[in-house]
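Here is my note on the model, as numbered points. Please read it with the structure open.

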Amino acid sequence: MIDFGGTGRGTGAVYAASVSRAPSGAPGGHPRPDAEAMQIVQRTAASVAERPVALAEAFYRHLFAMAPGVRAMFPDDMTAQNEKLCRALLDGIRALVEPDRYAAQMERSLHRLGAHHADRYGVLPEHYPYVGHALVRAVGDVSDDWSSSTSAAWIWVYDWMAAHMLSQRS
């Protein structure tokens, strides 16, 4: 496990636990989050969606602090990138909230997105834990409703998304 340093909220320990507890049956052993996790994420996402710029800024601040080498993969002006991040995250949540309607399509989109990130930007599998940790920290920074259960639910959503983005590499 990568040592991300203390956040004061224990997300590193929760992140490690979520990765090891996921049952098999999906790419990398990461199934779609269950209804309880999605209820938590949906509730939190509502408050996060009201502050997309703050979420994106917090996410990239955490990511670049933990993995400064990835900064070169991004443009100097992060405005468009911030919008892409928020749109992708909210699309992923929608897919999981209504899995019968959206999840299969989202999984295919995530496969393509992962391949695109690898081919065009040089994103490596070892970058994904940093992204997940930065996301959990950013949501925690922006959300008014944060707990270890909230952290675990967001980690599960990220793990599901990342597993599909990485699945074309196997």
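1. Ser167 sits in the segment after α7. Ser167 is buried, at a relative accessible area of 18%. Here buried means under 20% relative accessible area, exposed over 50%, and partly exposed in between, with a 1.4 Å probe and protein chains only. The side chain of Ser167 comes to 2.9 Å from the backbone oxygen of His164. A polar contact is a pair of N or O atoms within 3.5 Å; within protein, one must be able to donate a hydrogen and the other to accept it, and residues adjacent in sequence count only if both atoms are side-chain atoms.

2. A word on the basis. This is a predicted model, in which local features need pLDDT of at least 70 and side-chain atom pairs count only at pLDDT 80 or more, while totals for chains, interfaces and linings use all residues. Residues are numbered from 1 along each chain as its sequence is written, and side-chain values use heavy atoms, with hydrogens and water left out.

3. Now helix α7. It covers residues 148–166, 19 residues in total. From first C-alpha to last, α7 reaches 26 Å, close to the 27 Å expected at 1.5 Å a residue. That expected span is 1.5 Å times one less than the number of residues. Of the 19 residues of α7, 15 are buried, so the helix is largely enclosed by the rest of the structure. At the start of α7, a side-chain oxygen of Ser147 comes within 3.3 Å of the backbone nitrogen of Ser149.

4. The overall make-up. The protein has 7 helices and 0 strands. From the N terminus on, the order is α-α-α-α-α-α-α. Helices (H or I, at least four residues) and strands (E, at least two) are DSSP runs, numbered from the N terminus. Of the 170 residues, 46% count as buried. The accessible surface is about 8700 Å², and 53% of that belongs to carbon and sulfur atoms. These areas come from the Shrake-Rupley method with a 1.4 Å probe; for residues, only the protein chains shown count as cover.

5. Contacts along the chain. Take the contacts in the protein with a separation of 6 or more: 81% of them join residues 24 or more positions apart. Contact means heavy atoms within 4.5 Å.

6. Salt bridges. The structure holds 4. Each is a side-chain nitrogen of Lys or Arg within 4 Å of a carboxyl oxygen of Asp or Glu. One of them pairs Arg43 with Asp145, with the closest N and O atoms 2.4 Å apart. Arg43 lies in helix α2 (residues 35–49) and Asp145 in the loop between α6 (128–142) and α7, so the pair ties together parts that are 102 residues apart in sequence. Arg43 is partly exposed, at 44% relative accessible area.

7. More on Asp145. At 30% relative accessibility, Asp145 is partly exposed. Which residues does Asp145 touch, not counting residues up to four places away in sequence? They are Arg43, Thr44 and Thr150. Asp145 and Ala45 are 100 residues apart in sequence, yet 9.9 Å apart in space, C-alpha to C-alpha.

8. Another salt bridge joins Asp144 and Arg51, with the closest N and O atoms 3.5 Å apart. This pair links distant parts of the chain: Asp144 is in the loop between α6 and α7, and Arg51 is in the loop between α2 and α3 (52–66), 93 residues apart. Asp144 is exposed, at 67% relative accessible area. Arg51 is partly exposed, at 29%.

9. Asp141 and Arg61 also meet in a salt bridge, at 3.7 Å from N to O. Asp141 lies in helix α6 and Arg61 in helix α3, so the pair ties together parts that are 80 residues apart in sequence. Asp141 is partly exposed, at 41% relative accessibility.

10. Aromatic pairs. The structure holds 4. The ring centres of Phe59 and Tyr60 are 4.8 Å apart and the planes are at 80°, so this pair is edge-to-face. Rings of Phe, Tyr and Trp (its six-membered ring) pair if their centres lie within 6.5 Å; planes under 30 degrees apart count as stacked, over 60 as edge-to-face and the rest as tilted. Phe59 is buried at 4% relative accessibility, and Tyr60 is buried at 6%. Ring pairs link Phe59, Tyr60, Phe64 and Phe74 into a cluster.
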